[in-house]
Amino acid sequence: MSEPNPYADGEYKWGPGQQDATPAYGYPHTPPPYQPPLPGGVPVPPQYPAGFGGVPTLAIGDISVVGDQILTPAGPMPLKGAVWNAMDMSRVEEKIPTVAIVLAVVFAVFCLLGLLFLLMKEKQTTGYVQVTVSSGGRHHSTLIPAGSPDTFYAVMNQINYARTLSI
């Protein structure tokens, strides 16, 4: 164990090899330069290079399509060849409201017709719709809160439009 490595070429090399100039996914992109706040204390929005400008064609959560790029918090991705997916992680819960239980108890004393108040139901949608996009070796995912059972269909319409732009 105390002998030197016979296969070493004299120079100490340890760890991963040198990487190429283009950073892989997960490496931070260069942030925009510091912008001083306005006199009222409100910070100036970051000024991006000319390639990032323009009006978004489509916005799904924190994913925006501007020109021929997809802008995410992880950095820009090329729009051409992007793969879009959505998963419905919402559920609809049905329960008897408290008002119906109170009315059933109050009117059950007078007549048994008060039990009809127990047929009242209210539906509440909870959960999220997960949208993922992959392009140019990068991947980004966002969650959109589901406020109604139609949220998934609305998001799918947006994703189908994004798929047509990605061709």
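Predicted model: local features only at pLDDT ≥ 70, side-chain atom pairs only at ≥ 80, totals over all residues.
A residue is taken as buried under 20% relative accessible area, as exposed over 50%, and as partly exposed in between.

Three strands build an open sheet, ordered S5-S6-S7, with antiparallel pairing. Its edges are formed by strand S5 (83–95) and strand S7 (138–145), each of which pairs on one side only. From one strand to the next, the twist averages 10°. Strand S6, covering residues 122–135, runs antiparallel to S7 and is joined to S7 by 8 bridges. Within this pairing, Ser 135 of the model is found opposite Arg 138 in S7. Helix H2 (residues 151–165) packs on the sheet and touches S5, S6 and S7. The direction of H2 makes about 175° with that of S5.

Next comes the nonpolar interior. In soluble globular proteins, nonpolar side chains tend to be buried together. Here the largest nonpolar core contains 16 residues, and those with the most contacts inside it are Ile 60, Ile 70, Trp 84, Val 131 and Val 133. At least two residues of this core come from each of strand S1 (58–60), strand S2 (63–66), S6 and H2. Trp 84 deserves a look of its own. Leaving aside neighbours within four places in sequence, Trp 84 is in contact with Ile 60, Ile 63, Val 65, Ile 70, Thr 132, Val 133, Ile 159, Ala 162, Arg 163 and Ser 166.

The charged side chains complete the picture. The count of salt bridges comes to 2. In one of them, the side chains of Arg 91 and Glu 93 meet with an N to O distance of 3.1 Å. Glu 93 has 32% relative accessibility and therefore counts as partly exposed. The other links Lys 95 with Glu 122, whose closest N and O atoms are 3.9 Å apart. Because Lys 95 lies in strand S5 and Glu 122 in strand S6, this pair ties together parts that are 27 residues apart in sequence.

Technical notes. Residues numbered from 1 in each chain as written. Heavy atoms only, no water. Pairing = 2+ DSSP bridges. Helix = DSSP H or I, 4+ residues; strand = E, 2+ residues; numbered from the N terminus. Axes fitted to C-alpha atoms, helices over the stretch in contact; angles between N-to-C directions. Contact = heavy atoms within 4.5 Å. Core = buried A, V, L, I, M, F, W, Y, C linked by side-chain atoms within 4.5 Å. Buried < 20%, exposed > 50% of the residue type's maximum accessible area, 1.4 Å probe, protein only. Salt bridge = Lys/Arg side-chain N within 4 Å of Asp/Glu carboxyl O.
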